[in-house]
Amino acid sequence: MALSLQGAYGAYSGKIGNTIGASWKGISYIRIKPAHVANPRTAAQMTQRNKFKLMLNFLRPLKPALKLGFKEFAVRKSAFNCAMSYNLQNAVDTDNLTSVVNYSNVLVSRGSRKGVFNADVSSLEPAKLLFTWDDNSDNVTAHDQAFIVVYNPSENEAIIETSGGKRIDMVQTVTVPAYFSGDVVHTWIAFASPDGRLVSDSRYAGEVNVF
């Protein structure tokens with residue numbers, strides 16, 4: 001954009017060629033008409049759009065967890081956007097223009113707290129999941145609380161536990177809806193400090209068929 005200084009021909013309003021004259025708060029200016037931007041549906045563009053749509057649909061049910069899990073990185077952007085950015089780059093596999101979520105690479109939490117060691121999950125009772133981990137605590141992290149996410153792709157629904165068992169407990173049971181029975185779910189564990197201010201990177205605990 002350039003200012004019109006009202007030379008020999010004065011200011012003008014409207015379009016002349018590829019320029020447009022106008023005024024704003026009494027100031028005349030000239031701007032160039034934007035060139036037409038082509039938007040071809042190239043393979044690369046379609047792949048990127050599909051990846052974005054795939055990750056957006058996956059993360060939406062996890063939004064309450066991501067608000068806690070990515071808040072340490074939410075500087076000048078939302079925690080959800082931080083989670084989108086990370087997982088788009090690291091948790092989507094593409095083959096022959098088909099994209100899928102790589103659940104084992106997903107992070108639902110990212111932070112500076114000590115992480116999870118030897119996370120595991122099983123389902124031995126109807127609509128219940130048993131999470132276990134090794135105690136790797138120290139004097140600072142012993143009472144950190146488990147932060148657990150269960151995602152059911154068949155229902156596109158997530159169950160989120162933000163104040164689970166303590167790190168030193170090494171076990172937490174999570175109840176899921178009865179209609180999850182028979183479905184395969186994906187699970188993650190992280191730890192949060194007792195005041196909720198600090199979190200660890202999440203660890204993929206695995207997939208499990210709900211009893």
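**Fold, cores and selected residues of the predicted model**

The secondary structure of the protein comprises three helices and 13 strands, where helices (H or I, at least four residues) and strands (E, at least two) are DSSP runs numbered from the N terminus. The structure is a predicted model, in which local features need a pLDDT of at least 70 and side-chain atom pairs count only at pLDDT 80 or more, whereas totals for chains, interfaces and linings use all residues. Residues are numbered from 1 along each chain as its sequence is written, and side-chain values use heavy atoms, with hydrogens and water left out.

The average pLDDT of the protein (the predictor's confidence in each residue, from 0 to 100) is 88, and 82% of the residues score at least 70. Over residues 1–5 the pLDDT falls below 50, and this stretch has 12 contacts in the model beyond near neighbours in sequence; contact means heavy atoms within 4.5 Å.

Of the 211 residues, 40% count as buried, where buried means under 20% relative accessible area, exposed over 50% and partly exposed in between (1.4 Å probe, protein chains only). The protein exposes about 12100 Å², of which carbon and sulfur atoms supply 52%; accessible areas come from the Shrake-Rupley method with a 1.4 Å probe, and for residues only the protein chains shown count as cover. Among contacts in the protein with a separation of 6 or more, 63% are between residues 24 or more positions apart.

The largest nonpolar core has 31 residues, of which Met55, Phe58, Leu59, Leu62, Leu66, Phe70 and Trp188 touch the most other members. A nonpolar core is a set of buried Ala, Val, Leu, Ile, Met, Phe, Trp, Tyr and Cys residues joined through side-chain atoms within 4.5 Å. H1, H2, H3, strand S9 (145–152) and S12 each supply at least two residues of this core, and H3 gives the most, with seven residues. A second, separate core of 20 residues includes Val116, Phe131, Ala146 and Ala205.

Helix H3 (residues 79–90) has 12 residues and reaches 17 Å from its first C-alpha to its last, close to the 16 Å expected at 1.5 Å a residue; the expected span is 1.5 Å times one less than the number of residues. Ala79, Phe80, Cys82, Ala83, Met84, Tyr86, Asn87 and Leu88 are buried in H3. The buried residues of this helix pack against H1, H2 and strand S5 (92–95).

Leu62 is placed in the loop between helix H1 (43–59) and helix H2 (63–69). Leu62 counts as buried because its relative accessibility is 0%. Apart from neighbours within four places in sequence, Leu62 is in contact with Val108, Val149, Tyr151, Ala158 and Ile160.

Thr187 lies in strand S12 (residues 184–192) and is buried, with a relative accessible area of 0%. Its side chain reaches the backbone oxygen of Gly206 at 2.8 Å. Beyond residues up to four places away in sequence, Thr187 touches Val121, Leu129, Phe131, Val149, Val150, Arg203, Tyr204, Ala205 and Gly206.

Most residues other than glycine have a negative phi. Asn118, in strand S7 (residues 117–125), has a positive phi near 55° and counts as partly exposed at 44% relative accessibility. Ala127 has a positive phi of about 60°; this residue lies in the loop between S7 and strand S8 (128–134) and counts as buried at 10% relative accessibility.

Glu125 is also placed in strand S7 and is partly exposed, at 46% relative accessibility. The C-alpha atoms of Glu125 and Val210, 85 residues apart along the chain, are separated by 8.4 Å. In strand S5, Asp95 is exposed, with a relative accessible area of 54%. Asp95 and Thr47 are 48 residues apart in sequence and 9.8 Å apart in space, C-alpha to C-alpha.

Note on methods. A polar contact is a pair of N or O atoms within 3.5 Å; within protein, one must be able to donate a hydrogen and the other to accept it, and residues adjacent in sequence count only if both atoms are side-chain atoms.
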